[in-house]
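Here are my notes for you to read next to the picture. Take them one at a time and find each spot as you go.

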Amino acid sequence: MKKIGITTTVPLEVLMAAGYQPIDLNNVLVNDPDPGRLITIAERAGFPLNCCSWIKGIYGVCLDHGIQDILCVTGGDCSNTIMLMEVLKLKGLNAMPFAYPDEPAPQLMQHALEALAAALGTTLEAADKVREELQPSRDLALKLDELTWKQNLVSGWENHLWLISTSDFNQDFQKYCRELIDLLELCSRRQPYPVGQTRLAYIGVPAVYARELYPHLEKNAARVVFNEVQRQFAMPEPGESLAEQYCRYTYPYSIHGRIKDIKAELRRRQVDGVIHYVQAFCHRGIGDIVFRDAIDLPILTLEGNDDFFLSNHIKTRIEAFLDMLSRSRKVSKYRSQALKR
Ligand code: SF4
């Protein structure tokens with residue numbers, strides 16, 4: 001299969017129906033043994049220092065890995081991608097645009113999908129068949145999610161990793177499926193995490209230092225039981241058609257759709273506190289104001305730039321937040337016991 005880079009989650013069913021194997025360029029960046037090297041490629045080419053590291057890293061991955069075809073999401077994700085696409089074209093690469101509609105209306109989505117299918121030389125009927133083939137893998141990812149918050153058998157990092165990977169199924173959905181079946185089997189034989197641990201939600205774009213963040217939380221008796229955007233990548237509300245599926249995917253549209261999903265999951269998963277990650281120089285960071293107004297739980301806002309590890313400063317802020325959550329949980333437990341007496 002011919003490879004095609006993607007800058008974020010896209011309707012990969014259409015790409016696969018057209019004979020392409022999607023590669024999530026963000027995943028390639030974070031899995032590189034030296035991601036800073038890929039960012040440097042972009043800075044040497046002239047990308048400004050105050051440009052988001054994901055954008056620079058994606059550029060570095062395309063050039064370093066020789067990826068010729070790239071689907072750039074120019075609407076519903078990141079306005080920086082518009083200019084990234086222009087630079088990729090300048091370098092002779094085949095960078096194509098895809099824009100989510102302004103609002104999650106199935107008819108608008110249907111048009112966007114049809115245009116994408118026509119541009120790649122395939123049909124939505126063929127994409128629907130791929131959707132059916134991918135469904136078992138999506139179901140398994142959502143099963144893992146349930147085992148995370150309901151049975152307490154899965155770590156926050158595992159949850160992050162397997163859900164985020166549904167953007168391209170690690171470039172081989174059948175292998176993804178087999179490996180996840182094995183992991184679920186392993187999880188079913190584990191001892192659950194202690195019930196009294198602090199339960200966290202993680203909202204916002206994936207963190208550059210995710211690999212260290214989740215273990216650090218668990219080292220401090222807390223666990224992420226809800227990874228918002230990562231769960232959305234797995235399409236928890238598939239609907240009746242491809243158009244419906246990508247309308248119910250909350251990330252590209254208004255922040256209020258995301259908040260509705262987040263609030264329902266915070267209640268369902270009995271979350272104690274929220275970590276909102278924002279990327280340096282990203283417009284989405286402004287959404288922190290809206291989240292803080294809408295979410296009635298303590299929120300810790302963490303920022304990352306091109307640091308793929310947790311600095312001591314961030315570790316200290318996390319520990320102080322977890323300490324505060326654990327103390328307030330103890331206080332409310334004593335209060336409710338006192339009220340019962
Ligand atoms: S983190 Fe923000 S600025 Fe960076 S690629 Fe994502 S949406 Fe764009």
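Predicted model: local features only at pLDDT ≥ 70, side-chain atom pairs only at ≥ 80, totals over all residues.

1. Is Glu133 buried, partly exposed or exposed? Its relative accessibility is 46%, so Glu133 counts as partly exposed, given that this label covers values between 20% and 50%.

2. Together with Glu114, Glu125, Asp128 and Glu132, Glu133 forms a patch of negative charge on the surface. Which helix gives the patch its largest share? That's helix H7, running over residues 124-149, with 4 residues in the patch.

3. Now for the inside. Go to helix H4, residues 53-64, and pick out Val61. Val61 has a relative accessible area of 0%, so it is buried; the cut-off for that word is under 20%. What does Val61 touch, once residues up to four places away in sequence are left out? The list is Leu25, Val28, Leu29, Leu38, Gly66 and Ile67. Another pair to look up is Val61 and Ile41: they are 20 residues apart along the chain, and 8.8 Å separates their C-alpha atoms.

4. Leaving out residues up to four places away in sequence, Asn26 is in touch with Thr7, Thr8, Trp54 and Ile58.

5. Last stop: the backbone. Most residues other than glycine have a negative phi. Asn170 isn't a glycine, yet its phi is positive, at about 55 degrees. You'll find Asn170 in the loop that links helix H8 (156-164) to helix H9 (173-188). At 40% relative accessibility, Asn170 is partly exposed.

6. What is the phi of Gln171? It's positive, about 70 degrees, although Gln171 is not a glycine. As for accessibility, Gln171 has a relative accessible area of 31%, so it is partly exposed.

Note on methods: Residues numbered from 1 in each chain as written. Heavy atoms only, no water. Patch = residues over 30% accessible without salt bridge, like charges linked within 9 Å, V, L, I, M, F, W, Y side chains within 5 Å. Areas by Shrake-Rupley, 256 points an atom, 1.4 Å probe, with all protein chains shown as cover. Salt bridge = Lys/Arg side-chain N within 4 Å of Asp/Glu carboxyl O. Lys, Arg positive; Asp, Glu negative; His and termini not counted. Charge placed at Lys NZ, Arg CZ, Asp CG, Glu CD. Helix = DSSP H or I, 4+ residues; strand = E, 2+ residues; numbered from the N terminus. Buried < 20%, exposed > 50% of the residue type's maximum accessible area, 1.4 Å probe, protein only. Contact = heavy atoms within 4.5 Å.
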